[in-house]
Every structure is written in C-alpha cells, then in structure tokens.
Amino acid sequence: MASNSSSDRQRIAQQRLRIIAGHLQGPVDSDSTILAAECKAQGSKTDVSSERKTVPRRRQEILKWNGWGYNDTRFLFNKKGQAEFTGKRYRLSGMIIPALQNWFEGTFGASMQHKSPAMPILTSSAVQPPTLNEAFVDELKSTGIPFSHDAEDRVFRGHGHCLHEVFALREGKVGRVPDIVVWPNCHNDVVKIVELACKHNVCLIPYGGGTSVSSALECPPEETRCIVSLDTSQMNRILWIDEKNLTAHVEAGIVGQELERLLNESGYCTGHEPDSMEFSSLGGWVATRASGMKKNIYGNIEDLVVHVKMVTPQGVIEKGCQCPRMSTGPDIHHFIMGSEGTLGVVTEVTMKIRPMPEYQKYGSVVFPNFEQGVACLREVAKQRCAPASIRLMDNEQFKFGHALKPQVSSIFTSFLDGLKKFYITKFKGFDPDRLCVATLLFEGDREKVLQHEKQVYDIAAKFGGLAAGEDNGQRGYMLTFVIAYLRDLGMDYYVIGESFETSVPWDRVLDICRNVKARIIQECKDKGVQFSPLSTCRVTQTYDAGACVYFYFAFNYRGLSDPVHVYEQVEHAAREEILANGGSLSHHHGVGKLRKEWMRETISDVGMGMLKSVKNYVDPKNIFGNRNLI
C-alpha cells in the first residue's frame with residue numbers, strides 16, 4: 001500500500017488524534033465513557049460490547065442463503081389454506097393472517113395448486129472452485145486473520161437481494177462468487193488485508209450486511225484475479241461514547257439492530273432506522289448514503305456522521321479533527337459517502353447520538369384520496385412540523401396492508417373494526433377504492449409530542465383527513481420489518497416482485513406516482529404478462545423541497561419463458577419514466593451496477609470525470625474492483 005505524501009503530516013495528525021482521544025476518555029470513574037478497545041487477536045478475550053454476536057461468521061447458521069432474513073422465519077400457507085408467519089422474532093410471528101390468501105389469489109391470479117418451490121440446499125458442485133492467489137493466501141495465514149474458501153461462505157457473499165440474484169439462487173444457479181472470504185476483527189486487520197491485496201494484485205469487495213438491492217455485491221464475471229470478500233461483520237464494537245458531545249465511535253461492521261441495542265443499554269440511540277436495519281451495517285449506510293424512516297428528527301446518514309476512517313490502497317483517509325463543521329475545501333466525507341466500495345473499506349465511524357426518547361406515540365390518518373394525502377404531507381413539510389416519521393400509502397398499498405392484518409381473538413375488537421370501517425365508508429362517504437392512509441410516529445418529550453400530534457392532526461383535518469387510531473399506525477411500522485419476507489412467499493407461487501425508490505420535487509410527486517404506476521402496467525401488458533400486475537406506491541420521507549417515493553410492483557409469471565428478463569425490462573422502463581418525470585436515480589438504495597448506465601445523465605460528463613479521477617488516484621490498480629458506479 002502506498003504511503004501518504006508526507007509522513008510528518010501523518011505523524012502530527014496521529015499525535016493530535018491521540019491527544020483528542022485522551023481528552024474524550026477522561027478520568028475513569030462511575031460516569032466514565034465506554035473506552036476504546038484494542039484490536040483483539042483471534043482467541044483472546046473480547047470486550048463486553050462484542051460478547052453477543054448478532055451476525056456469526058457462518059451467516060448461514062441463522063440466515064437464509066437464497067431468500068430474505070432468518071432461517072426460522074417465513075410466510076407460508078398452511079394445510080388449511082391459511083397464511084401464517086413462522087418463528088418467534090416479530091410481533092406478527094406465530095399469527096394467522098386470514099385475508100392474505102384471498103388477496104394474493106385475487107390480486108395475482110395465483111393458485112395454491114401451482115407451486116414453484118426453491119431449491120432447499122446448496123450443492124457444492126454448483127459452485128466453481130476458487131481461483132486462489134497462493135502467495136496472497138500464504139501471507140494472509142501469517143497474519144492470523146480468519147479466512148475461508150468454503151463454498152457456502154463464498155456463495156453467501158456473492159450476492160445481495162435483487163430479484164435476479166435471489167431468483168437464480170432459488171433455482172440452484174450460482175455464477176461468479178468470491179474465491180475467499182476474510183473476516184478482519186478491527187481497523188488494523190483491514191490495513192493488513194489491503195496491503196496484501198495491493199502487493200499481490202488481488203481484487204477486494206467489501207461486504208457489510210449483504211442487503212444491497214443494486215447488484216453492488218455481484219462479482220464481475222470478467223474479473224480474472226482472485227476475488228476476496230472482505231466481511232466486516234466481526235468489527236462490531238462501540239469503541240467509545242462521548243456523553244458531553246453526544247457522539248459514539250463505532251466499528252463499521254456493526255448491524256443496525258445491534259448498534260441500537262448497545263447504545264440503548266447506555267441510554268442513547270442514533271435514531272437511524274432504515275427498513276433493513278436488522279441486517280444492514282453502519283459501513284454500508286455510509287457507503288450508500290443511507291436514509292432512515294425517522295430522518296425528520298435524527299437526519300440521514302450524512303447528517304449523523306462526524307468522522308469516518310477508510311482504508312484505501314493509497315493509505316488511510318480521515319480528517320484531523322472531529323468538529324461539527326469545517327470550511328476546508330470540498331468535504332472528504334462526501335467522497336467516502338456513496339462510494340459503494342469502489343475506493344476502500346470504511347472501518348470506523350464517529351456519529352451523533354441522542355438520549356433515548358422519553359415518549360413514543362403512533363398514529364394514522366385516513367384521507368379520501370391520494371391527492372389530498374400528498375397535499376397534507378406537503379403542508380406538514382412546509383410548516384416544518386413533520387413527526388419522526390410520516391408515510392403515505394396509496395389505495396392499492398392500503399388494501400395490501402389490510403390483507404396482512406392478523407386474526408383477532410376478540411369479538412369486540414372485530415366489532416370495533418367493522419364499526420370504524422362503516423363510519424369511514426358509509427357515514428363519511430370515503431370510497432374504499434380511493435381512500436389512502438398515512439402512518440405517523442412521534443418521539444420526544446411527552447408534552448411536546450402531544451402538542452406536535454395535535455398540530456399534525458389539525459393540518460390533516462384541513463385536507464379531509466380523519467384520525468384512524470394508534471393501532472393502525474403501530475401495525476404499519478411493525479410490517480416494515482416483515483414485508484420483505486413476502487417476496488419469498490410470492491416466488492413459491494410463481495409471483496415475482498420488487499421495490500425501488502426515488503426522490504422528486506413536490507410539484508412532481510403526483511405526476512410521477514401516476515405515470516410510473518401506469519407505465520409498469522402498460523409494460524407488463526406489452527411484454528406478455530398474462531395476469532394484471534400489482535403496481536403501487538407510497539411517500540416515505542418528506543423534505544422542504546420534495547419527497548422520497550417508493551414503488552412496488554409484482555406479477556404472476558406463469559406462461560413466461562424468461563420471467564426475470566421481463567421483470568428487468570419493466571423495471572428499466574419504470575426507471576426511465578422516473579427520470580423523465582424529474583425524479584432522481586436513487587434516494588438511498590445507491591447505484592451499484594444495476595443503475596450505473598444512467599450515472600452520466602445524472603451527474604454530467606464532468607461529474608463522471610471527477611469520479612474517475614478520484615478512483616484512479618486512490619485505487620490505480622483497481623484493487624476495489626466491484627465495478628460499481630463507474
């Protein structure tokens with residue numbers, strides 16, 4: 001690995017950081033912060049914060065190799081034809097969902113008699129033998145850093161969760177996968193790995209939580225070098241918490257749920273909750289410019305990051321201080337954030353934290369139609385009074401959410417649900433085929449939350465909105481973490497689907513929602529899809545100048561010889577429609593390889609030239625050769 005241009009500057013910077021770290025740590029007493037921990041050699045005693053491993057090295061022990069989430073958790077139709085959600089990990093687990101089968105069959109023309117089960121076990125014969133760089137392997141052994149070239153370990157890190165990736169795995173088709181998986185335990189381990197990769201011309205692909213939906217983790221099939229998946233999952237500790245400045249210094253491999261659990265134990269949180277937070281990693285959030293559902297209070301990842309350390313082939317990139325803001329030329333953090341593993345590996349992040357909220361309250365509002373719902377969200381954004389989260393579902397998604405309602409055990413509860421429906425549709429005159437619902441989440445001081453809640457509901461009333469209760473709001477957010485499991489159920493019965501997102505100015509929100517949904521329906525018809533597709537959307541995040549919009553579409557692929565190709569054609573057309581309607585290429589999923597054909601159009605020729613120049617300087621031998629972005 002090349003050294004920095006000035007060893008003196010590096011020495012001075014390190015000296016200053018040591019001084020700063022000493023000030024931050026302060027005296028050791030009952031109120032002391034969590035102090036920094038040294039990199040642990042294999043077999044040594046770990047610090048307290050890493051005793052519980054959310055993600056083991058062999059991820060296949062707890063996670064599916066060819067689908068979403070935990071091995072013990074899935075949707076299925078039981079022998080009685082009822083839908084149920086297995087496992088014990090979620091509030092919905094173990095419950096019967098009585099309306100799901102009728103909705104599923106009615107929406108897609110699917111049948112319980114037509115099944116397309118996944119291949120249950122990965123056969124090693126389907127995986128190509130590894131291409132090993134023996135000199136690299138020999139030196140890697142001497143470092144003591146754990147690694148593997150087991151077929152299951154390699155396959156697990158050779159894909160994300162795009163439809164085409166999971167569909168192929170379900171059929172037992174495995175393409176190019178990493179040749180080696182390596183598990184660094186700390187920043188210094190990553191430095192050693194990158195140095196060896198540069199020395200022996202090995203290709204590195206960073207791997208965090210594996211939740212990518214942009215083909216970012218796919219190995220380039222044309223890559224002839226040994227490909228090493230650098231799995232950061234064992235770098236999962238909070239190194240220190242600074243309670244005076246409300247910051248935490250964290251290893252980048254930690255996943256969202258573990259980060260929040262550890263911070264909560266000390267009375268803090270980040271508030272960053274992407275839909276994938278159970279499995280996605282801090283480093284992945286930085287590398288893709290992630291966003292969370294509670295960004296209205298806590299901010300997006302770029303608002304939370306104070307300091308980043310990244311290992312590149314040219315050396316370690318980091319700022320010389322941990323200040324809230326600097327005016328020192330272009331911000332190097334913005335070269336790192338969104339770099340998608342093309343420049344190096346994010347190893348440590350200092351981020352803002354907040355005391356855990358005193359009070360949390362859910363809510364929901366029913367609107368006569370989507371147009372009035374969007375107008376309400378626009379007014380809430382204009383008055384800058386958005387709750388922690390506010391999300392608006394269109395009518396199709398409302399019906400979908402209703403179909404996921406679990407069986408009620410109380411006749412009284414069932415009666416109340418019926419009464420609410422009667423009041424909204426008969427007494428208030430809302431059309432069941434046009435109404436839509438917004439879900440709300442308020443957090444903070446109890447008195448302020450109640451004042452805030454009244455302000456939002458008063459605005460909603462001006463746009464015809466009716467308060468629909470806390471239960472509907474809470475259930476909406478609970479579904480956030482289980483909805484991804486539904487795609488696997490669909491594929492069991494010849495139904496494929498996906499979601500994608502964009503950001504768009506307020507004056508284009510209604511147009512983009514209408515036009516993209518219509519384009520999806522038309523493209524499915526033109527491509528020979530025999531059954532009507534599901535085409536739906538929701539507004540998930542709001543800003544002063546616009547909003548994030550999620551689109552969902554799915555269709556029954558029976559009768560199609562190459563359903564994945566048809567799906568990709570439809571998604572491509574939908575993305576073209578988004579861009580034509582003034583939307584962005586991505587709000588928070590990133591570019592990867594899936595969307596990079598539009599990068600020049602998105603950031604201009606000069607912008608592409610700048611990205612390539614940075615890449616050529618930082619990584620002249622293309623060690624980080626995942627081919628994302630450019």
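**Entry 1**

I take buried as under 20% relative accessible area, exposed as over 50% and partly exposed as in between, with a 1.4 Å probe and protein chains only. Arginine 627 forms a salt bridge with glutamate 223, the closest N and O atoms being 3.3 Å apart. Arginine 627 lies in the segment after H20 and glutamate 223 in the loop between E6 and E7, so this pair ties together parts 404 residues apart in sequence. I count a salt bridge when a side-chain nitrogen of Lys or Arg is within 4 Å of a carboxyl oxygen of Asp or Glu. Helices (H or I, at least four residues) and strands (E, at least two) are DSSP runs, numbered from the N terminus.

The side chain of arginine 627 also meets that of glutamate 222 in a salt bridge of 3.5 Å, N to O. That pair links distant parts of the chain, 405 residues apart, with glutamate 222 in the loop between strand E6 (203–207) and strand E7 (227–231). Are glutamate 222 and glutamate 223 buried or partly exposed? Glutamate 222 is partly exposed at 48% relative accessibility, whereas glutamate 223 is buried at 7%.

**Entry 1. Other salt bridges**

I searched the whole structure and noted 39 salt bridges. One entry is lysine 399 with aspartate 433, where the closest N and O atoms are 2.6 Å apart. These two residues are 34 residues apart: lysine 399 is in helix H13 (residues 395–403), and aspartate 433 is in the loop between helix H14 (411–427) and strand E17 (436–444). Lysine 399 counts as partly exposed, at 33% relative accessibility. I also recorded a network of salt bridges that links Arg58, Asp150, Glu152 and Asp153.

I returned to the segment after helix H20 (599–618), where isoleucine 630 is found. Isoleucine 630 is partly exposed at 32% relative accessibility. With Ile603 and Leu611, Ile630 makes a nonpolar surface patch of about 190 Å². Patch residues have over 30% relative accessible area and no salt bridge; nonpolar side chains (Val, Leu, Ile, Met, Phe, Trp, Tyr) are joined within 5 Å, like charges within 9 Å. Accessible areas come from the Shrake-Rupley method with a 1.4 Å probe, and for residues only the protein chains shown count as cover.

**Entry 2. Histidine 249**

I placed histidine 249 in strand E9 (residues 247–251). Histidine 249 is buried, with a relative accessible area of 7%. Which side chains make polar contacts with that of histidine 249? I found glutamate 348 at 2.7 Å and threonine 350 at 2.6 Å. A polar contact is a pair of N or O atoms within 3.5 Å; within protein, one must be able to donate a hydrogen and the other to accept it, and residues adjacent in sequence count only if both atoms are side-chain atoms. Leaving aside neighbours within four places in sequence, the contacts of histidine 249 (heavy atoms within 4.5 Å) include Arg237, Trp240 and Val349.

**Entry 3. Lysine 64**

I found lysine 64 in the loop between helix H1 (7–25) and strand E1 (75–77). Lysine 64 counts as buried at 15% relative accessibility. Its side chain reaches the backbone oxygen of threonine 73 at 2.6 Å. Not counting residues up to four places away in sequence, lysine 64 touches several residues, among them Phe156, Tyr485 and Asp488.

**Entry 4. Helix H6**

I checked helix H6 (residues 187–200): its 14 residues reach 20 Å from first C-alpha to last, close to the 20 Å expected at 1.5 Å a residue. The expected span is 1.5 Å times one less than the number of residues. Because 10 of its 14 residues are buried, H6 is largely enclosed by the rest of the structure. The buried residues include His187, Asp189, Cys198 and His200. Asparagine 201 follows H6 and has a positive phi, near 55 degrees.

**Entry 5. Whole chain and conventions**

I noted 20 helices and 21 strands in the protein chain, and 56% of its 630 residues count as buried. The chain exposes about 27,400 Å², of which carbon and sulfur atoms supply 52%.

Residues are numbered from 1 along each chain as its sequence is written, and side-chain values use heavy atoms, with hydrogens and water left out. In this predicted model, local features need pLDDT of at least 70 and side-chain atom pairs count only at pLDDT 80 or more, while totals for chains, interfaces and linings use all residues.
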